[in-house]
Amino acid sequence: MAMAMHGARRAMHEYDCEFERLNEEIARRSAKKVGIQLPAGMKRLATEIAENLSKCGVEVIISGNSCYGACDIDENLAAVVDVLFHFGHSPVRTHLNVVFVELRCTIDVKPAVEEALKYLNGSRICITTTVQHVHTLNEVAELLIRSGRHPIIGKVGKKGNEVGGVHAIYDGQVMGCDLRAAMVECDEILFVGSGDFHPTAIAMNVCKRVVSADPFTRRVGVFTPENLIKKRILRVERAMSASSFGIIVSSKSGQFNMQIARNIREKAEKRGIRSFIIMIDDIREEALCNFDLDAFVITACPRLVDTLSVEKPVISVREFEIVMGERKLDELIPKPNAATHSDSELLSKE
């Protein structure tokens, strides 16, 4: 127990929790009940954050539900508190009583990046990261220049093309559903951050070799697009023989796409394929395995199809259009530096 608390306090020193700003928000709103929400990888900070906020004399309620992005607001908790502090993501839309806290990381990224330099090929390197490290990009660029390379920080502009309108707001920032910052003319891509989720998405959708540098562990990862794309093609080919589909709709407001699901069902029924709309809050493997269906289509975040380990094929909306013969299979192989469109945007045009 003591070790767990020590770990939480140590982690607190790795992030800027902006307590001064949060205390001001509590006072400005005359809040009595405060909610806090964090993604899974940061939930270890929850109790320490709660203890700090409770010093303002407020009741603090921690969300124990899943949190997969800025689009995933715990609306049930938000409805019973005066203000909900959503940690770990950049703001994407206005909520009356939700305050976004980006949790910028204070860890020095230089040792990890210097190690990653050994694995980079080519001279034109696109630098990408998450919101936690976006403030370090100029520093990373300077390291690349010193190594004789030409750094590129991709622009994200004002409008995204992502599920529910969610998009990155900082140059160089990538999200699972917004990779515009990586879609530039370059030889390879350097990702500064933790985990495989983002570098995998970049490699597969931008069709570039990605080298990742983890500032916490100082480990380097290398991600190549070929095998990832082969898995995607195999998944779609398996779905082509399906005679029944479950059309998955997320009940999370930021990923709720019922009209898209109805469009899919109509297309399937015209082909004589049995299809059923299934609404799920937390889309996990165990939620799908019990259904007697041949395949599933995800209308929520399209990246879910790459993270779910299910025996039956799970495909995105765009991939379903390939199954229906509306698109060609080779469209799954992205052209380097070509902009991509989200599944939601594609169907909303119909």
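In this predicted model, the side chains of K267 and E321 meet in a salt bridge, with N and O 3.9 Å apart. K267 lies in helix α9 and E321 in helix α12, so the pair ties together parts that are 54 residues apart in sequence. K267 counts as buried because its relative accessibility is 14%, under the 20% limit. E321 is buried too, with a relative accessible area of 4%.

E321 has a further partner. R327 forms a salt bridge with E321, and the closest N and O atoms are 2.5 Å apart. R327 is partly exposed, at a relative accessible area of 22%. Salt bridges that share partners also join R232, R235, D306 and E319 into one network. Another pair is E102 and R104, whose closest N and O atoms are 2.9 Å apart. E102 counts as buried, at 10% relative accessibility. The count of salt bridges comes to 21.

The overall make-up of the chain was examined next. The protein chain holds 13 helices and 15 strands. Of its 350 residues, 56% are buried. The accessible surface of the chain comes to about 16,200 Å². Carbon and sulfur atoms account for 50% of that surface. Contacts between residues at least 6 apart in sequence were also sorted by separation. Of these, 65% join residues at least 24 apart.

In soluble globular proteins, nonpolar side chains tend to be buried together. The largest nonpolar core in this model has 46 residues. Those with the most contacts inside this core are I189, I202, F245, I315 and F320. Several helices and strands each supply at least two residues of the core. The helices are α7 (197-206), α8 (225-239), α9 (258-270) and α12 (317-323). The strands are β9 (188-192), β12 (244-250) and β14 (295-298). The core draws at least three residues from domain 2 (109-223) and at least three from domain 3 (232-347).

Neighbours within four places in sequence were left aside. I189 is then in contact with C126, T128, A182, I202, V206, K208, R209, V210 and V211.

The cysteines were checked for bonding. A disulfide is a covalent bond between the sulfur atoms of two cysteines. A search of the whole structure finds zero disulfides. C126 is in no disulfide, and the nearest cysteine sulfur, that of C186, is 5.0 Å away. C126 counts as buried, at 0% relative accessibility. C289, by contrast, counts as partly exposed, at 48%.

C207 has a positive phi of about 60 degrees, although C207 is not a glycine. C207 sits in the loop between α7 and β10 (210-213). This cysteine counts as partly exposed because its relative accessibility is 21%. R218 likewise has a positive phi, of about 65 degrees, and is not a glycine. The place of R218 is in the loop between β10 and β11 (220-223). R218 is exposed, with a relative accessible area of 52%.

Conventions
Residues numbered from 1 in each chain as written. Predicted model: local features only at pLDDT ≥ 70, side-chain atom pairs only at ≥ 80, totals over all residues. Heavy atoms only, no water. Core = buried A, V, L, I, M, F, W, Y, C linked by side-chain atoms within 4.5 Å. Buried < 20%, exposed > 50% of the residue type's maximum accessible area, 1.4 Å probe, protein only. Helix = DSSP H or I, 4+ residues; strand = E, 2+ residues; numbered from the N terminus. Domains from an automatic or database assignment. Contact = heavy atoms within 4.5 Å. Disulfide = S-S within 2.5 Å. Areas by Shrake-Rupley, 256 points an atom, 1.4 Å probe, with all protein chains shown as cover. Salt bridge = Lys/Arg side-chain N within 4 Å of Asp/Glu carboxyl O.
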